[in-house]
Amino acid sequence: MADANAYIAAVGTALPGAPIDNQRLADRFGIDANWIEVFIGTRTRHFALDLDSKEQQYTLADLAAQAGAKALAASGLELEDIGFIVLGTATPDALMPATVNLVADRLGLDHLPTYQLQSGCAGAVQALDLGYSLVSSGLHRNGLVLGGDVCAKILPLDQDFTTMPPSELVNFVLFGDGAGAAVITSEPVGARLALRRVLNRLTGLGREPGQTVEWFGVADLDSGRQPIREDYKAIESAVPVMAREIVWELMDELGWSEDELDYVLPPQLSGRMTERIVAHMDLPGVAEVSCVAETGNTSNALPFMQLARLLEVVEQGQKAIGVAVESSKWIKAGYALEKV
Amino acid sequence: MNEIAIVGLDCRFPGAPDAEAFWDLLMRAGDGGGEVPPDRWRAVECYDPNGSPGRTNTTRGNFVHDPGVFDSDFFAVSPREAEAMDPQQRLFLQAVWRALEDAGMPPHRLADTAVGVYVGVMASEWGQLQLRDYAKVTAQTGAGSSCSMVANRVSYHLNLKGPSLAVDTACSSSLVAVHLAVNALLSGEVDHAVAGGVNLQLTPALGIFYTQAGLSAPDGRCKPFSSVADGIGRGDGVGAVVLRRLEDALADGQQVYAVIRGTAVNQDGRSNGLTAPSRWAQQEVLAAALRRAAASPGQVDFIETHGTGTVLGDMIEAKALGHVYGAGRKQPCAIGSVKGNIGHTEAAAGIAGLIKVALALHHRIVPASPFATRENHKLALRSHGLRLLKTPLRLPTGPVLAGLSSFGMGGTNAHAVLASAPSRARRRSVAGKGLDTPVVFTLSADNQTGLRRNVQAQADWLARRRHESVAPLAWSSNQVKTTLPHRFAVVARSTGELSRKLAEAAADPEEFAIRTGRPEKRHKVAFLFTGQGAQFVGMTRRLYQESALYRGYFDEADEALQPHLGQSVRNLVFAADDRIHQTGHAQPALFAVGYALARTMTGLGVEPAAVLGHSVGEFAAAVAAGVLSLDDAAQLVSARGSLMQALPAGGGMTAVRAGAEEIADLVADEPLVDIAAVNGPGATVLSGALEALERIAQALRRRGVDATPLKVSHAFHSRLMAAMLPEFSRVASAVRPRAPRIPLYSTLLGRATDTEAMDGGYWTSQVVEPVRFADAVHELVNDGLKLLIEIGPKPVLTPLVRKLRLADDLVCLHPAPGEEAGQEDLAEAVAALFLAGIDPLWTGLYGEPDRQLQRLHPYEFSTQRRYFNLPVAIPAALAPQADDRRPAARPAPDDGGGAAENGAPTPSANTDRVTHAVLTAVAETGGYEPGEIALRSRLYEDLGLDSVQVMQLKVRVETALPELSEFTVQQLLPHLTTVGALIAFLREHSTAAVPQAS
């Protein structure tokens, strides 16, 4: 794994509408803004849904296509250079057609392999993993990798939030909508970010899911199952440990020392949780690249949003490691980068 | 490099009415074959499966649908002439129009320039049918039947002055035409070229020939390189491409489908037989084209072959291709032939292949070749380094080359090497976050019905592109779709919204009427600059934020005012600051708004022919007319405002609903009151001491006349201003005015300025003298200025003007009509001005990145008229019963509202003899129905009469009206403008001029 032969040439991101701050959430839902600030630590987020009309203004396909177009434009590559598309998401617009194919349609891409990975927070890294494999195997020269989520379908707004317990309430203040994209190339062009290693590993044998999001069809609309469940205690205790292990596994495999690492892109659960994870990583001297306080937890868009911020600061020769943990069935995900 | 760009195209082939449908047909390996339509010839009557002499072995072929349909009105071709035109001429003419639009060039813009027209055409079946009956040969049939006219018609109707010629080299005609066009471009002979081909099967003759020669496929289909290949299936088709030198196309920002790198044409000379194909000649022409393209065979990824599906032809071509392209390749070269989809379109075969290759390079995928899965293994294509495309081939990244062959029966062979377009400007623009800046989408057509048809067509087409950014699409519509007389404009912020609004307009007549216009003449525009009182906190704030144009000019004014004001007028205007109402601030602030808004309008191409300013509005008006420089005006208006501000309080103004003369007695009694403004016969403003004004107001109320005190700080335009005059006069005397560039209607003088200079004296008098707005605007309108645009923060003057009822056809507009007015209102104003006949400079509405040409749906022609008097009798032995030779019945003309709306008197009992005779004669001469002729119909432009028809018209009129005194053609000619003018002329020559019942 000495010489990488896959690179990130450019990154693009898309957020719907104007940022929604905590005061706006407080005004709209009667949720205490101070509580959000203190316990969640997320200051703003963007929603595909208009909070007043409750109409969905953006679909995942809209956002992913915007992000993809931006990444493509920034890469300097042309449409015809793109050999494949991968989209990682937990919340496709529909079960069929797969959202990735609608994104292709909007970008004007056709007659190429497309993949959609059904995944929680690890989806973006899984997409990077597949993109890395497709390019480094020599099968394709360039591809477009996307991740994104829109939670309009799973967060009903017509509820009484004043009586809701914090464990349920947290879902409404934690998440945000968005999409991100990266152009993966076999040659160092554009941003010239070498993808040295991608880690994608299920570690959940026999473990109860830390997070469950149900989906309902016509036959079980009224089944009464709770749409979203989270085991916060399990997440709080497991994720920091897993995150630290991911960093060290990547560094060990690449033979990188702690001193050589310049940036870490930690999991972005919420402002507060990310602070706790970073503290547990205990990497003094390594700069943190986070976005969750401004974007909210955009799930599969997050790594791309962190990458976009990394690209603004990273210099030639610098190294970075990104980490994502999917607490649904406990998936370790990460990637190591070097600007060449 | 000698590269030629294909910048626009249009086509119609069997099963594919346009280029998009053609690509769709190719990608699904569809076919356009079918039975011979009954309006061509009666296929069964010349059919014999064994192909006995004089018969064909098939009743099938590949036909375009309804080739008789032609929008003759659009091209101002009279029905009589259209009937006589070879339908190949009509099809090609329409295709060229659409191809030019596709290239982002409205055909009108090319008029009178050296554009070359090169068309491949070999079928003269129409001529053979029309010219056989000598008794029926008319002045029109000659031109209607000639192949050269297929090209010459285009040059005539579009007024193109470059070479214009038809090429007949049999089945290679259209690729040879492209070769000639390419060479003309490369030699610099022309800068634009249209090339193409057309082929229509009107008789079974060629089919019989193919049958007798053993070349006709019994199922009417070509099966290129297939084991089931058994001959040719004939095909109809028309295709046109617009060509330019690549560097020119890129410089003009045109989109490029593909690039022609090299072409070659040769002959097989004295080969095995006149019509036998020659492998050696084919090899030579392939190699020659590669040499001209400076390309090696191994670089070429795919070849569109001649590939007719005859056993011998396929074999010879495979060997020639293999020899040139197949040797020493890692991957075999992909081949295919469009003839498997649409048959052998003969003279249009080369252009069909060219369009297929151009679209394949554009879409970066090569369609599969039909019947390829049953490849003819005897051809051993693999061993020749070739592979027949059984499935679409996605082209690799980077530049790609392709070959294209077209061979003529007589041995004239053509080959072209094409390349993918340079990779810029092919990306779609995906709409960004939220809504785009509001833009104006425009369309135009030859009449209202055509406009509605095209509005609907664009609505449908754009609905499929709703995720694309609207601005480049609107920009393209402004560049391409604005030149026809009936105009449409709509403002939209996204493509989805645009599509919706278009669909609504097409469906709702009221909505449609609001968004359309048919400017008869170019209106002269006047700018009316608003005076004091119109200011408000934050005026034009939104426009400043949203319009870069306005922002730039406002900042210019701000910079000019700053040294005199000692502060930024921008901060003053856009802050939530009441001080804007103080005279010292209000006057310069209004000046800044007036200056910036006027410059914004001129920046958008709206040039005033005259200006008028109400009171302090005269400073910005004077700048617009070139009388004052921006700096001089800024200095004057600042001084004026601050000196007035410094005057003691105690003065005021009162608006009176009465004429100045009605209240003259009351004013005369008050030494401290003056008439400050005469805004209309019932709108006078008094100015002076407050107590005196109140006395007058009470007196007026006793007379039942309204008198309203105005919220002003001082008594402007009154003698109470006298104290500021010495100082203002000193400042004003330093100004050096120039003569106005355009008429300036002075509200001091109540008329346009004449020789008097707008010097210090003028501006000093202007402070105390009344504002004679009503007089000034009255003269302005009387002088023919009918399109009045108010320049100010909100509408004040335009409502006053409307009350004056100066003219019925007055159009009043305001570019910033509401307090929250922004770019959308500006766009609405530009749209309204476009509908009123102004040709805006569209650049001002778009940011640089949005000014990129995108292809739009091409013009949708009317399908209402059909000219196709076939089948014409087939030779006696085969002939069915003679058919009705008259053209198919035509529905009413495709003109909005028809005759009644155009003021056409339907010939009836109460129409006078002359009118009736003229309408009848014009209708007969042109082949129109009498009801289709309107009094305002123009004889040449609308009805398409030519000089020969003018002679016929004269004879017809003279025969119908024997009472006419004699007149010569020379006398007649100046009056042949409209039908109405002709009638007026004849009335003068009629000895029985008194109208009488017919």
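**Figure 1. The eleven-stranded sheet of chain B.** In this predicted model, 11 strands of chain B form an open sheet of mixed pairing, arranged in the order β5-β4-β6-β7-β1-β8-β15-β14-β9-β10-β12. Strands β5 (164–167) and β12 (386–388) of chain B stand at the edges and have a single partner strand each, so one side of each is left without a neighbour in the sheet. From one strand to the next, the twist averages 25 degrees.

Figure 2. Strand β14 (residues 401–407) and strand β15 (residues 412–420) of chain B run antiparallel and are joined by seven bridges, with B:Ala402 standing opposite B:Leu418 in β15(B). Helix α3 (residues 87–102) of chain B packs on the sheet, where it touches β1 (4–12), β4 (115–120), β6 (192–199) and β7 (237–245) of chain B, and the direction of this helix makes about 135 degrees with that of β1(B). Helix α11 (residues 279–292) of chain B lies across β8 (258–267), β14 and β15 of chain B, and runs at about 145 degrees to β8(B).

**Figure 3. Packing of helix α8 with helix α14 in chain B.** Helix α8 (residues 173–186) and helix α14 (residues 349–363) of chain B pack with their axes 5 Å apart and at an angle of about 65 degrees; α8(B) and α14(B) are therefore roughly perpendicular to each other. On the α8(B) side the contact involves B:Ser173, B:Ser174, B:Leu175 and B:Val178, which meet B:Ala349, B:Gly350, B:Ile351 and B:Leu354 in α14(B). The residues of this contact between α8(B) and α14(B) divide into five nonpolar, three polar and no charged.

**Figure 4. The four-stranded sheet of chain B.** Four strands of chain B form an open, antiparallel sheet in the order β22-β23-β21-β24. Its edge strands, β22 (673–680) and β24 (707–710) of chain B, each pair on one side only, and neighbouring strands of this sheet are turned against each other by 25 degrees on average, direction ignored. Strand β21 (residues 651–656) of chain B pairs with β24(B) in the antiparallel sense over four bridges, and B:Ala655 stands opposite B:Thr708 in β24(B). Helix α26 (residues 690–702) of chain B lies across β21, β22, β23 (683–689) and β24 of chain B, running at about 140 degrees to β23(B).

**Figure 5. Backbone features in two loops of chain A.** The peptide bond from A:Met96 to A:Pro97 is cis, with omega near -10 degrees, and A:Pro97 lies in the loop between β4 (85–89) and α4 (99–107) of chain A. A:Lys54, although it is not a glycine, has a positive phi of about 60 degrees; this lysine, A:Lys54, lies in the loop between β3 (44–45) and α3 (60–75) of chain A.

**Figure 6. Domains of chain B and confidence of the model.** Chain B is divided into domain 1 (4–425), domain 2 (572–649 + 713–810) and domain 3 (899–988), and the centres of domain 2 and domain 3 of chain B, taken over C-alpha atoms, are separated by 52 Å. The mean pLDDT of chain B is 90, and 94% of its residues reach 70 or more. However, pLDDT stays under 50 over residues 876–910 of chain B, for which the model has 62 contacts beyond four places in sequence, and pLDDT also stays under 50 over residues 993–998 of chain B, with 10 such contacts. The model scores ipTM 0.75 and pTM 0.85.

Key. Residues are numbered from 1 along each chain as its sequence is written. Chains are lettered from A and ligands numbered from 1 in the order in which they are written. This is a predicted model: local features need pLDDT of at least 70, side-chain atom pairs count only at pLDDT 80 or more; totals for chains, interfaces and linings use all residues. Domain bounds come from an automatic or database domain assignment. pLDDT is the predictor's confidence in each residue, from 0 to 100. Two residues are in contact if their C-beta atoms, placed from the backbone, lie within 7 Å. Two strands pair if DSSP finds at least two bridges between them. Axes are lines fitted to C-alpha atoms, for helices over the stretch in contact, and angles run from 0 to 180 degrees between N-to-C directions. Angles under 35 degrees count as roughly parallel, over 145 as roughly antiparallel, 65 to 115 as roughly perpendicular and the rest as oblique. Ala, Val, Leu, Ile, Met, Phe, Trp, Tyr, Cys and Pro count as nonpolar, Asp, Glu, Lys and Arg as charged, and the others, Gly among them, as polar.
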